[in-house]
Amino acid sequence: MKALLERAAVGTNADLEEAAQAVLSLQRDGDGVFETKAIEENTYQAGLLLYPVYAQYETKAGKKAGYPDIVSQLAVLGKRLEENYSTADAARCLMLFADTLSAMSPEIYEHYRRLNDMLRSLARFFVEKEELRMTQFPKETLKTDVANKDKEALRLAGQAFVNACEKGFLSEEKYGALGRQLMEVLL
């Protein structure tokens, strides 16, 4: 399933169709969220592959009918993250939300906007939980000591911030410099 999703993310419409059928056949938990253990052990890591492909399929071939399902599942994942926070899962979730939003069409404004709002809320939550602070003058730099933090997760979050800023999902003024600084965190 993982290879199918990876191929569909960059492949042909036939690959996308095949992956979508596999995604839609996945079992769901009690909250209606896909069971993703067959893809990856970590739900958020699996979601990085699954939800952008699902959204891409719905945008291109599914007439956007699956948008409510996508957004409601991601809302549940966001709530679960708030209840059981980890830096790595939060970084994956940031990227997951941004990548999925990139695959959606703003024409279905209600769902597109809801996911964009969820991304903004998660970005604020991440900055707050990780206690990330920037200096303002003379140059914006990361002032938070990240020596004892998960640097790989911080870099992924930085990448998510930068990607989301470039696409207009997050404020460049608020998150752009932070994202670039996080991407430069050394191992």
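Helix H3 is mostly covered, with 14 of its 18 residues buried. Bear in mind as you look around that this is a predicted model.

H3 runs over residues 43-60. From its first C-alpha to its last, the helix reaches 25 Å, close to the 26 Å expected at 1.5 Å a residue. There is a bend along the way, though: a kink of about 30° lies at Leu49, shortly before the proline Pro52.

Now let us turn to two residues in other helices. Asp69 sits in helix H4, which covers residues 67-83. Leaving aside residues up to four places away in sequence, Asp69 touches Arg28, Phe34 and Tyr54. Ala20, for its part, belongs to helix H2, residues 13-24.

| Residue | Relative accessible area | Class |
|---|---|---|
| Asp69 | 19% | buried |
| Ala20 | 1% | buried |

Why does Asp69 count as buried? Its relative accessible area is 19%, and buried means under 20%, so Asp69 falls within that class. Ala20 is buried as well, because its relative accessible area of 1% is under the 20% cut-off.

Finally, a word on distance along the chain and in space. Ala20 and Lys143 are 123 residues apart in sequence, and their C-alpha atoms are 43 Å apart in space.

How values were computed. Residues numbered from 1 in each chain as written. Predicted model: local features only at pLDDT ≥ 70, side-chain atom pairs only at ≥ 80, totals over all residues. Heavy atoms only, no water. Helix = DSSP H or I, 4+ residues; strand = E, 2+ residues; numbered from the N terminus. Buried < 20%, exposed > 50% of the residue type's maximum accessible area, 1.4 Å probe, protein only. Contact = heavy atoms within 4.5 Å. Expected span 1.5 Å × (residues − 1). Bend = angle between axes of the 7 residues up to and from the residue.
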